[in-house]
Amino acid sequence: MKITCERAQLQEAFQIINPIIPTRSTIPILQNIKIIAEKQTIFLIGTDLEIGLRYEIPAEVKETGTIILPTQRLGAILRESTDEKINIESDGHIARIKTKIGYFKILGADPVDYPDFPEFDTKKAFEIEASGLKEMIRKTIFATSGEITRYALTGVLLEITKKELRMVGSDGKRLAFIKKKSEQNVPQNIKVIAPPKGLILLERIIQDKDKKILITLEETQLKIQVPAGGSRKHPIFLFSGLIEGNFPDYANVIPSDSDKKVEIPTAEFAAAIRQAALVTTDKFKATKMILEKNTLTFFSRTQDVGEAQVKMKVSYDQKPFEIVFNPDFLIDVLRVIDEPKFTLEFKDKTSPIVLKIGRNYVYLIMPLTVDV
Amino acid sequence: MSQLKTLPSLLINKIAAGEVIDRPASVVKELIENALDSGASQIEVTVAEGGKKFIRLTDNGMGLSQADLPLVFLSHTTSKISTEDDLTGIRTFGFRGEALASLGAVSQARLISKLKNQPGQAGLPAGQAGAPEAYVIEMKGGQLGPCQPAAAPEGTTVEINNLFFNTPARRKFLKSNAVEMGHVTEMVTRFAIAHPNVQFRLINNKKHVLDLLPVTDVKERLRHFFGDDLVNQLLFVEEGDVQAYISNPILTKPTTRWQFFFLNQRFIRDRMIARAVRQAYAELIPNGRYPAVFLFIKTPPEEYDVNVHPTKLEVRFRHAWQVHDEILSLIRKKLLASDFVPQAPIGSAPEIASFGLPAGQAGQPIGARQALVDFFANRPPEMFPSSLPGGSGAPPIQASPGTIFTRPGPVTQTETANAGPDQIGAGQSVRFSAFQIHQSYIISEVPDGVLIIDQHALHERILTHKFKEQMRAANVYRQKLLVPVLVELEPKEYDLLSEIRPYLEKLGLEVAEFGQQTISLQAIPQILTNANLPELIHELFNNFSSDEFKNRSASKKSKSECEIADDQVTGEEFDPLLDDLINLLACKAAVKAGDALAPEEIQALLKQHAAPAYTTTCPHGRPAVFKLTLDELKKYFQRK
Ligand SMILES: Nc1ncnc2c1ncn2[C@@H]1O[C@H](COP(=O)(O)OP(=O)(O)OP(=O)(O)O)[C@@H](O)[C@H]1O
Ligand SMILES: [Mg+2]
Ligand SMILES: [Zn+2]
C-alpha cells in the first residue's frame with residue numbers, strides 16, 4: 001500500500017480510536033491499529049472484540065493494501081510531526097512513514113491474524129434521533145454498577161419505541177431514569193442493555209449537529225453508524241456487544257407516594273453537599289439531610305476526621321424531616337445536571353430520595369439506615 | 001449383706017495419687033512446692049532416667065522435727081491449714097496434706113530432715129544442745145517404716161525411687177526418659193521463673209541441667225531460658241497487681257509454650273487469661289502464631305480458689321472477667337502505644353520502629369493513643385446526635401450561592417500530617433511521595449525511610465477498625481437496596497439460616513426469605529457497596545459452619561459457665577464469631593491485590609493509615625507494612 005493523507009485528519013481519527021485499543025490483551029494483535037487503503041479513502045480500525053470502531057478518512061491512495069501497526073508508535077509519530085501531509089508505504093509487514101524531516105521504518109504484524117471486523121448493513125438499519133442522546137447517556141451512565149456480579153446492572157438499559165427513547169442506569173442503590181420524545185422508525189419496541197464502554201464511545205463521537213444515527217440490532221451486538229456531517233467526510237461505524245440478563249423492573253421502584261417536596265437551586269445545593277461531604281471517608285460516607293421550615297441542613301461526622309454542618313435556604317413548610325444517605329450519590333448526579341433547578345421528594349427515612357427534573361428525568365437514592 | 005465397703009486407705013491413696021501424681025514432673029512439682037513452703041532458698045533436684053527411676057529433692061528450708069516426721073506420709077496431714085476458714089485464704093502451695101501420702105503409696109519414698117536451728121529455741125535435750133539431729137523415715141508402697149536418726153544438713157531431702165513400681169498400669173503410660181526429663185525441666189523452669197530469688201539446680205544422670213543462682217530481676221531468669229534475642233524484644237508492662245513481659249507483635253512463636261502465667265508465684269493455666277492475651281494481640285499477629293507472654297499477677301488469696309483441681313494448675317477467680325479485662329487492657333494499651341513495623345533484615349535484628357512519624361517524634365504516636373481511647377470507649381460518640389448540635393458546635397458553613405466547589409482534589413500527605421487538631425507532625429512541611437507498584441503494593445516515602453505497604457492488607461485493616469468502631473457505637477450504616485440481591489443457598493446453608501441470621505443482622509445485612517432456598521438481601525453494610533455479595537454470603541455461611549468456628553463458639557459458652565452476667569465490661573471485644581465475620585466483611589470490602597489505584601485512592605489509604613497508627617498487620621494477621629530505614633539503605637550501599 002502507498003498512501004498520502006492529511007496528518008491532522010489521521011490524528012483526529014487516531015485519537016478517537018486509540019482509547020478502545022487495549023494496552024494489554026490475550027490476543028496481542030489487538031494492541032495494534034489496522035489501516036486499510038481503498039480507492040480514495042483509508043479505514044482505521046481498532047477493537048477489543050467487545051467494542052470496535054471503524055473510522056474513514058479521505059486519502060490519496062496510490063496502491064491499495066492493509067497494514068497492522070503498533071498503536072503507540074504511530075501515535076507518537078503523528079503527535080511529534082507538524083507536517084500537513086504524511087506518507088505511509090508498506091512493504092510486507094513493514095511500514096515506511098515519511099514526514100518532512102523524518103523517515104521511519106516500523107515493523108507491523110500480519111493482517112491475516114487480525115480478527116474479522118463486522119460490516120454495517122444499511123438496509124436492516126433504522127434511524128433514531130441523535131439530538132439529546134449525548135445528554136441521555138451522560139445522565140444515566142454514571143449510575144451504573146461496577147459489580148460484575150450484578151451483571152445486568154453494569155450496563156444501561158436502552159428502550160426504543162416509535163415515540164420515545166428511554167435509558168436507565170442503576171447500581172442497585174440508586175437509579176437514573178431519563179426519557180425523551182423522539183420519532184423512530186423501529187419495527188417494534190426494543191429493549192437492550194448496552195455496556196458503558198460502547199455508550200461512552202458513542203457519546204464522544206456524536207456531535208451537536210448530528211441529526212440521526214443508524215442502528216442495527218443483531219443477537220448479541222448493537223451496531224451504530226454515525227453518518228458523515230460537518231468536518232466528517234465519511235460515516236463512522238461502531239459496534240458494541242450487549243449485556244445479557246434481566247434488568248430490574250425500574251417502573252416498579254420509582255415511587256409515586258412521596259409526600260414531601262422541595263425545590264432546590266442546583267449550584268447552591270451542589271456547593272453545600274460537597275462541603276458536607278468533606279469530612280466523610282472512603283467506605284464510610286454518610287450525610288444527614290435535615291429539612292426544617294425554609295432551611296435545609298447537611299450534617300456529617302466522621303471519627304478521626306471531624307464534622308461538618310452546612311445550611312442553605314429553601315422554601316419548605318411541610319413537616320420537618322431528616323434522612324441519611326451516601327453524599328456521593330448526590331454529588332455524582334449534580335455533576336451531570338445542567339438545569340438551574342430540580343425538585344427533591346421524600347416519603348420517610350427508609351424510602352428513596354427522589355430527584356426530579358421536569359417530567360423526563362428521575363434519579364433515586366436509597367437511604368442509609370441505622371435501625372437496631 | 002452390704003456390698004459397700006470402706007476402701008482400705010492404701011487403695012484410696014493409690015487412687016488419689018493418680019489425680020495428683022501422673023508422671024515424674026508432677027512429683028517434682030509437689031516436692032518443690034513443699035520446699036518453697038518450708039522457706040527454702042536453695043533447691044536441688046536430682047533425677048535418674050527422667051525421674052522414672054529416681055528423684056531427689058534437697059532443700060535448705062526449716063525442716064521437720066522428729067515428732068512430725070512420722071506424720072508427713074499420712075493422708076490429710078498438713079501443717080499448712082487447720083480450719084475450713086483457712087481454705088479461703090491459702091498462702092502456701094500445699095494445703096491438702098495429700099502429696100506425700102500419695103507419693104508414698106506409689107513409690108519407695110524416703111524423707112530425711114533436720115530442723116533448722118532457730119535461735120532461742122528451747123526444749124532440746126541437753127546433750128545435743130544447739131544442734132538437733134536429723135531423722136529419716138521411709139514409706140514403700142504405702143508401708144510406713146520407723147523414724148530413725150540420720151546425718152544430714154539442715155533442711156529436708158525427699159527421695160522417690162521407682163515411681164509407680166506397684167501400679168504397672170500407670171508406669172506403662174510414662175514416656176521415654178527424654179520426654180519425661182523434658183517435662184521435669186519444664187516444671188523446674190516454671191518455678192525458677194516464679195521464684196528468681198531462689199537458687200535452683202537440676203541434675204539428670206549426674207549432669208547439671210540447670211544451675212541457677214538467685215537473682216533479683218526475673219529478666220535474668222528469662223534470659224537464661226529463652227535467650228537474649230527474645231528477651232531483648234520483650235516489653236515490660238505493669239499496672240496495679242499485674243506485671244508482664246510481653247513480646248512485640250513482630251516476634252511470634254508457633255505455639256503458646258512461650259506463655260507463662262503466674263498467680264502469686266504459682267504457675268497456672270487459665271482460659272480467661274489466655275483469651276485476654278489472644279484478644280490483646282488480635283489483628284496484630286498472624287493466625288497460628290502466638291506471642292511470648294510472661295505474666296505475673298499478685299492478688300490476695302481471697303480473690304481466687306485454688307482448690308478446684310487436684311494439680312492446682314487451674315484456679316477459679318472470683319471476678320474472672322475483671323481479671324480478663326485488666327490483662328487485656330494492660331497489654332493492648334502497651335501494644336497500641338508502641339509502633340511496630342517489621343524492618344528489612346539487613347544488618348542487626350529488627351528494632352522497634354516508630355511508624356510514619358518524623359524522626360525525633362518517635363515513641364508515643366498520638367494516633368495510636370487516640371485509637372486506644374476509641375478502643376476502650378464504651379460508646380464512641382454517635383455519628384449523628386439525635387438533634388442538631390447547638391451553639392457549642394462548629395459554626396455552620398454557609399453555602400455561598402453560585403460557588404461550585406471543585407471536587408476535593410487528591411489529598412497530599414502534607415495535609416494528612418495536619419489533619420486533626422492533635423495530629424502528629426504539625427510542623428511538617430515536606431511533601432513525601434507515594435506510588436503503586438505491581439498493582440498490589442504502595443511505596444511510600446517517610447522521613448526516615450521507605451514503607452512498602454500491602455494495599456489489601458492495609459485497607460482491610462483500616463476497614464476492620466472502622467467497622468468495629470461503628471459496631472461499638474451501634475452505628476452500622478445499612479445501605480438500603482433499591483433492587484434486592486438474590487442469593488441461592490445450598491441446602492446445608494439453608495439449614496443454618498436461622499442460626500446465622502442474628503449475626504448477619506448485627507453486621508448490617510438485612511435478609512429476607514425469598515422461597516426456594518433463596519434469600520434476598522434488602523440492605524447491606526455500607527462498606528460492602530462494591531463487594532461480590534453472593535460470594536460473601538456463601539463464605540459467611542462457610543465460616544459459620546467450620547469446625548474452628550464451632551470451637552470458638554464453644555469457648556464463648558464457657559464464659560457463661562463462669563457465671564459472669566455482665567458483658568458490658570470495658571475492653572470486652574466482640575463475640576469471637578462476630579469478630580471473624582467482621583474480618584471477612586472487611587476482606588471482601590477492601591481493595592484487592594491487582595486493583596489499580598488512582599493517586600487519590602493511594603493518598604486516601606495513606607491518610608487513613610495515619611490515624612490508627614498501629615495497623616501493621618491485616619486482620620488475618622499477615623503483615624501489612626514493611627519498612628526500610630535510611631540507615632539500612634546506607635548500610636546496604638556502604639555509605640556508612
Ligand atoms: N520439704 C519440706 N520441708 C518441711 N516440711 C515439709 C516438707 N515437705 C513436706 N513437709 C511437711 O509435710 C506435710 C505434708 O506434705 P504434703 O505435701 O503431703 O502436704 P501439703 O503440702 O500440706 O499439702 P498438699 O497435699 O496440698 O501438697 C506438710 O504440711 C509439711 O508440714
Ligand atoms: Mg505439698
Ligand atoms: Zn484479606
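1. The side chain of B:Gln479 reaches across to chain A, 3.0 Å from the backbone oxygen of A:Met366. Keep in mind that this is a predicted model.

2. Where does B:Gln479 sit? Its place is in strand E21 of chain B, residues 478-488. B:Gln479 has a relative accessibility of 0%, so B:Gln479 counts as buried; the cut-off for buried is under 20%.

3. The contacts of B:Gln479 involve both chains. Leaving aside neighbours within four places in sequence, B:Gln479 is in contact with A:Lys173, A:Asn326, A:Phe329, A:Met366, A:Pro367 and A:Leu368, among others. From chain B, its contacts include B:Gln522, B:Ala523, B:Ile524, B:Gln526 and B:Thr529.

4. Now ligand 1. There are 20 residues around ligand 1. Those that come nearest are B:Thr78, B:Ser79, B:Lys80, B:Glu98 and B:Lys312. By class, the shell holds six nonpolar, eight polar and six charged residues.

5. Which helices supply at least two residues each to the shell around ligand 1? They are helix H2 (24-37) and helix H3 (99-106) of chain B. H2(B) gives the most, with three residues.

6. For B:Arg96, a side-chain N or O atom is 2.9 Å from an oxygen atom of the ligand. For B:Glu30, a polar side-chain atom lies 3.5 Å from a ligand oxygen atom. Taken alone, ligand 1 exposes 590 Å², and the protein buries 96% of that.

7. Next, the zinc ion, ligand 3. Which residues coordinate the zinc ion? They are B:His456 through NE2, B:Glu460 through OE and B:Cys587 through SG, at 1.9 to 2.4 Å. The spacing of these donor residues in sequence is H-x3-E-x126-C. B:His456 lies in helix H11 (residues 455-472) of chain B and B:Cys587 in helix H15 (residues 576-589) of chain B, so this pair ties together parts that are 131 residues apart in sequence.

8. Are B:His456 and B:Cys587 buried or exposed? B:His456 is buried, because its relative accessible area is 9%. B:Cys587 is buried too, with a relative accessible area of 15%.

Methods. Residues numbered from 1 in each chain as written. Chains lettered and ligands numbered in written order. Predicted model: local features only at pLDDT ≥ 70, side-chain atom pairs only at ≥ 80, totals over all residues. Heavy atoms only, no water. Near = heavy atom within 4 Å. Polar contact = N/O pair within 3.5 Å; in protein donor to acceptor, adjacent residues only side chain to side chain. Areas by Shrake-Rupley, 256 points an atom, 1.4 Å probe, with all protein chains shown as cover. Helix = DSSP H or I, 4+ residues; strand = E, 2+ residues; numbered from the N terminus. Nonpolar A, V, L, I, M, F, W, Y, C, P; charged D, E, K, R; others polar. Buried < 20%, exposed > 50% of the residue type's maximum accessible area, 1.4 Å probe, protein only. Contact = heavy atoms within 4.5 Å. Donors = N, O, S within 2.8 Å, 3.2 Å for Na, K, Ca; no water.
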